[in-house]
Amino acid sequence: MSALGLDRERLTGSLGALASSLAVAAAALLIMLALIAIIGYSPTATASAFIDGAFGGSHQLAATVMVMIPLVLIGLAWILASSARQINLGLEGQVLMGGLGATLAGTNLDGLAAAPHLALTVIAGALAGAIWALLPAILYVLRDVSVLLSSFMLNFIGALLIAYLIRGPLKNPGGLGLIESSPIDLDALWPKLGTSGLRWDVMLIPAAVLALTVVQHLTTVGFRLRLISASESAAQHMGISTKRIAASALLCSGALAGIAGSSLVLDSFTGSLTENFASGYGFIGIAVALLARNSPVGCIASALLFAALQQGGALVETRVGVPSASVEVAQGMVIILVALSGLVLLKVSRNRPEAALVPEIDGTV
Amino acid sequence: MPDGSPEVTQGGRQAAPALRLDRVSKRFGAVVANDEVSFAVARGSVHALLGENGAGKSTLMNLVFGLLHPDQGTIEVGGEPVTIAGPREARERGIGMVHQHFKLVGDMTVLENIVLSQGGMGLVGLELGPLRERLTDLSSRFNLEVDPEATIEALSVGQQQRVEILKLLVGGAEILILDEPTAVLTPAEWSGLAAILRRLVAEGRTVVFISHKLGEIFDVADRCTVLRDGAVVGTREIAGTDKAELARLMVGRDVALRVEREHLPAGEEILAVEGLRVAAGARDAVAEISFTVHAGEVLGVAGVDGNGQAELVEALSGNRRFDGSVRLLGERLAPGSKTAHDPRIGVIPEDRHRDGVALELSVADNLMMRRFDQPGFARFGFRRQAAVREHSRRLIEEFGIRTPSPAQPLGRLSGGNQQKVVLARELDRGPRLLIAAQPTRGLDIGAMEFVYGRIAEFKRSGGATLLISTELEEVMSLSDRIAVMVGGRFVAILDNAEATLDRVGSLMAGVEERAAA
């Protein structure tokens, strides 16, 4: 316990955060169901379709967990950047580039054994994601350009770049008129995980969560990050180069998003790079981190919710007829409610005895 | 001209105190912050609220200003019992407050801040003209000179305070509460403020003046209520009391805060500064300063806040670029180099909350900030938790830091204990040079004693200290030599023996004013 720097105070704090996140998730689902009832569908039928779609069988469950992989990785990427006070809105673009990097390595490195080919494919994805975060990082370090804006703008460039590549240089020559790249070599795919329908990349979830948790709590890097998020000015006065750390955090954040992108391509139905393979994951991942209140472990639960919404939504549409856009309503609700609950928590803590106002019984005289 | 009689009846109405508290109590959990506090503030007077940090003064005034709500007791404004729901209602009742930590928007101008404070802005455009006139009128009338177009960030702390006071004046406050207003002022600025306060009460406004400094209370107050441990221990007419009595009431025993300055033979040269210049925008905040500090010596820098002291400290502590030569033990420091990591320099920053500590991190983390990645405390990038814990325990004990546990967030500690954490951390690395900027700002007497003691001990152990303070008495009593800083220059460096309050004071006031250009 204490090795991770946990104490009772922090524990009650995180329990409170957990409770409020659960309340937010429940409220968002209820509001969504209420809206569905209002527009005239049966909420119970909708709810059961949802549950069937997300968890109804091993097939559905596997599909839901598959969606969790990129969501968790992107959530962690957001947490990493924001722990260095950077708002990485470019995750979507970094995911796209990760997919592109993985595609390039996965389709071009013929003659390699399976394991190194897969490793190189994933590393290429990470590198490509990091490269897409490099420009915002450089602009920030040299010219104080807002990372929020520069990284966000690169999303569009990334999307258009891929749209061009899969119609041009990377176009699948054997494709049946589909707009996609050549399929990735089979030996560059993650091996199957038994008969579960999943692949081994599902292990990226616990591995990445564990790694980030260890970095945050046990390492000097984590200490620097904590110091920077607590007080940037104090960190600078301690001789810590906050910009260098912010830049490194951005690159690592981009790399994580890139790995998420590589998994999206490798696990995709066609096994190739397609136009919309990232379909907004770069932003849903942010919501995952927000709902998890920047806790890496919390990202797993939070990603499960969003993945279930995604998967369940599809069945709701076919079975009950409710447009799957209702899922987006629920996602939006989560974000609004997380923001609101932040305000509520602030208010509560204001009404509680505040440190500055409590007289210290200081008998040092 | 009507005769005086109607005025007299009105005068009788006015005899009700401007502000009266009747058995007001406030608890935070088990802690009693205010215990049945009662006193009355007469209209048109300066009423001082005296007490050590933590005696409950600020809590009390936050109750009056509506930031907190009393658990019991009544508050009367102008003889009328009121419930003050929040600052807005307080303002409507003519109560204004200058907080210890200013409530200003840093990147807006003085004028814009004052517009903000008045509320009621139109939807389109701002009527700045009349307000600007009103502002210049008020500031010249009360000698509160500030440039209405200057951005807050560009102002010194002292100037920012003037803006806060102007905000209240423009808002037409009848009762002005000033929470520790002099913490940031020089003697000259203080006498200016004192004159302003006298002027205000002469006009029938009422001032509540929170302080833990006896001197200023005798300068300006008519009456004084003393708080200790949240309860009133007495209210005195200033004319009928003396400092000794108030001090005894305040701390509950006799105090003698005299620093015995030891004179030590000057040792080796630790710091040698030649032709130091620090740019701030287009001008030089520090212009051509040269001095030395030797082992076993304290060099004090006296001066009005905002004359380049902050920039001097930032340059010497490695947080700002500079021109000129700075040698530490004969070794030249590169301009803007990260001397902050040089274990031979310890720094107590002026703005403790911003630069010196991280309030949400634990006491242990704050103690380890300088050394967390050193070999004993980290291996292969992993922190050695046991060593860290052991070391912070030792520092907590050695420096008598009062905290329930090393894991306590620093923000929960008193200001004095926070400063102890800074001192412990900075002295822990065994520095040869200690740069102490405003080391006792906002501290109570007990914590001040502690800081003075540590500086004296550091000096005895052969350390060189550069003490920068706007508390003139502090500089005079601790320093072996005193440099007076005006307009970015040292206008004089005096031996303690030849430095009198008058002489240093008049140098600070700028006998050689030309330097400012």
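Two strands count as a pair when DSSP finds at least two bridges between them. Keep that in mind for these close-ups, which show a predicted model.

**View 1. Helices α4 and α5 of chain A pack together.** To describe two packed helices, you give the angle between their axes and the distance between those axes. Here, α4(A) (residues 91-108) meets α5(A) (residues 114-143) at an angle of about 145°, and their axes are 7 Å apart. The crossing of α4(A) past α5(A) is right-handed.

**View 2. Who touches whom between α4(A) and α5(A)?** On the α4(A) side, the contact residues include A:Gly93, A:Met97, A:Leu100 and A:Ala105. From α5(A) come, among them, A:Leu120, A:Val122, A:Ile131 and A:Trp132. Sorted by class, this contact has 14 nonpolar and nine polar residues, with no charged ones.

**View 3. Strand β9 of chain B is largely enclosed by the rest of the structure.** Why say so? Five of the six residues of β9(B) (residues 223-228) are buried, so the strand is largely enclosed. One of its pairings is with β3(B) (residues 46-50), a parallel one over four bridges. Look for B:Leu49, which stands opposite B:Thr225 in β9(B).

**View 4. β9(B) and β10(B) form a hairpin.** These two strands run antiparallel, and six bridges join β9(B) to β10(B) (residues 231-237). Pick out B:Val226 and you'll find its bridge partner, B:Gly234, in β10(B). How many residues sit between the two strands of the hairpin? There are two, and B:Asp229 in this hairpin takes a positive phi near 50°.

Terms used: Residues are numbered from 1 along each chain as its sequence is written. Chains are lettered from A and ligands numbered from 1 in the order in which they are written. This is a predicted model: local features need pLDDT of at least 70, side-chain atom pairs count only at pLDDT 80 or more; totals for chains, interfaces and linings use all residues. Axes are lines fitted to C-alpha atoms, for helices over the stretch in contact, and angles run from 0 to 180 degrees between N-to-C directions. A crossing is left-handed if the near helix is turned anticlockwise from the far one by less than a right angle, and right-handed if clockwise. Two residues are in contact if their C-beta atoms, placed from the backbone, lie within 7 Å. Ala, Val, Leu, Ile, Met, Phe, Trp, Tyr, Cys and Pro count as nonpolar, Asp, Glu, Lys and Arg as charged, and the others, Gly among them, as polar. A residue is buried if 20 or more other C-beta atoms lie within 10 Å of its own, exposed if 12 or fewer, and partly exposed in between; C-beta atoms are placed from the backbone.
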